[in-house]
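Let's take a look at how charged side chains pair up in a protein chain. Have the sequence and the 3D view ready.

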Amino acid sequence: MDRGHRAVPHTADVRVEAWAPDREGCLAEAVAALVETFADTTGAPPRGETTLELPAGDDTDLLVGLLDEVIFRLETEGTLPLVTEAQAADGGLRVRWRTVDADAVELVGAVPKAVSLHGLRFARDGAGWSCAVTVDV
């Protein structure tokens, strides 16, 4: 299974799907999918680096927590992840982001406000891991 992500049509909100051979890769793809729904980061060089740890929880909690963190940092710091590296850590997740200031990229869509729990899916499937998330804009 290759890694990848995409936005899919959804009424009034944004829905993204991501997939990868492993859980951490799928989480990283979900972050990229979310950012691409509202920002064109093409050619933007990283200007900073951030690490964060998400506590142990079920897989959907990790997905929601990670995407909520993207939204929170956009709102409070004005930064966006360009590259996401995730690895399992004591049942939780250790994440390293290479970031860019939101002012340095072109906004091309509605900025996300929150991750919806409605229709949330994140699980291992036959070929790896996949997720689908609706984001309120």
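Which kind of contact do the side chains of Arg23 and Glu24 meet in? They meet in a salt bridge, with 3.0 Å from N to O. Keep in mind that this is a predicted model.

## Around Arg23

Arg23 and Glu24 are both buried. Arg23 has another partner too: Asp59 forms a salt bridge with Arg23, and their closest N and O atoms are 3.0 Å apart. That pair ties together distant parts of the chain, since Asp59 sits in helix H2 (residues 59-77) and Arg23 in helix H1 (residues 23-36), 36 residues apart.

So how do the two partners compare with the 20% cut-off for buried? Arg23 has 13% relative accessibility, so Arg23 counts as buried. Asp59 comes out at 23%, so Asp59 is partly exposed.

## A network of charges

Now hop over to Glu85, which forms a salt bridge with Arg98; here the closest N and O atoms are 2.3 Å apart. This pair also links distant parts of the chain: Glu85 is in strand S5 (residues 79-89), while Arg98 is in strand S6 (residues 92-101), 13 residues apart. Salt bridges with shared partners join Glu49, Glu85, Arg96 and Arg98 into one network.

Glu85 counts as partly exposed at 31% relative accessibility, and Arg98 counts as partly exposed at 26%. Across the whole structure, a search turns up 10 salt bridges.

## The hairpin

Strands S1 (residues 4-8) and S2 (residues 14-20) run antiparallel and are joined by 5 bridges. Arg6, for instance, has Glu17 in S2 as its bridge partner. The hairpin has 5 residues between the strands, and in it Ala12 takes a positive phi near 70°.

How values were computed. Residues numbered from 1 in each chain as written. Predicted model: local features only at pLDDT ≥ 70, side-chain atom pairs only at ≥ 80, totals over all residues. Heavy atoms only, no water. Pairing = 2+ DSSP bridges. Helix = DSSP H or I, 4+ residues; strand = E, 2+ residues; numbered from the N terminus. Salt bridge = Lys/Arg side-chain N within 4 Å of Asp/Glu carboxyl O. Buried < 20%, exposed > 50% of the residue type's maximum accessible area, 1.4 Å probe, protein only.
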